[in-house]
Amino acid sequence: MAGVVVGIPLALASARVLKSLLYGIEPTDGFTLVITAVIFLAAGVLATVLPVRKATRIEPLHALRYE
């Protein structure tokens with residue numbers, strides 16, 4: 001979430017510099033910014049949830065004995 005909060009203002013600031021490279025969208029297109037933020041948040045949630053689910057299936061005593 002912190003990355004999205006910091007990234008959106010940086011994206012808006014850098015869009016003016018990269019305006020010539022953008023094709024078919026405006027530099028401050030809100031829909032594109034929102035969709036990109038949702039995709040990055042979903043990737044972050046998946047990267048966190050999947051290992052946590054795997055870790056919760058292991059019994060704590062078994063994990064401690066392995067160490």
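Predicted model: local features only at pLDDT ≥ 70, side-chain atom pairs only at ≥ 80, totals over all residues.
**Exercise 1. Work out which elements the protein chain has and whether it is compact or spread out.**

Start with the count: the chain has three helices and zero strands. Reading from the N terminus, that gives the order α-α-α. Now for the overall spread. The radius of gyration comes to 19 Å, while the globule rule gives 11 Å for 67 residues. Since 19 Å is well over that value, the chain is more spread out than a compact globule.

**Exercise 2. Describe how helix 1 and helix 2 pack, and say which residues meet.**

First find the two helices: helix 1 covers residues 2-17 and helix 2 covers residues 30-56. Their axes lie 11 Å apart, at an angle of about 145 degrees. Next, the hand of the crossing: it's right-handed. Then list the partners. Helix 1 brings Val-4, Ile-8, Ala-11 and Leu-12, and these meet Leu-33, Ala-37 and Leu-41 of helix 2. Sort this contact by class and you get seven nonpolar residues, no polar ones and no charged ones.

**Exercise 3. Find out what lines the largest pocket.**

Begin with the space inside, about 200 Å³. Among the lining residues are Ala-11, Ser-14, Leu-22, Glu-26, Asp-29, Thr-32 and Leu-33. Helix 1 and helix 2 are the elements that each give two or more residues to this lining. Finish with the classes: the lining has seven nonpolar, three polar and two charged residues. Notice that Ala-11 and Leu-33 turn up in the helix contact and in the pocket lining too.

Methods: Residues numbered from 1 in each chain as written. Heavy atoms only, no water. Axes fitted to C-alpha atoms, helices over the stretch in contact; angles between N-to-C directions. Helix = DSSP H or I, 4+ residues; strand = E, 2+ residues; numbered from the N terminus. Left-handed = near helix turned anticlockwise from the far one by under 90°. Contact = heavy atoms within 4.5 Å. Nonpolar A, V, L, I, M, F, W, Y, C, P; charged D, E, K, R; others polar. 1 Å grid on protein atoms, 1.4 Å probe; cavity = no way out; pocket = protein on both sides within 12 Å on 5 of 7 lines; lining within 4 Å. Points joined across faces, edges and corners; volume = space filled by probe spheres on them. Rg over C-alpha atoms; globule rule 2.2 N^0.38 Å.
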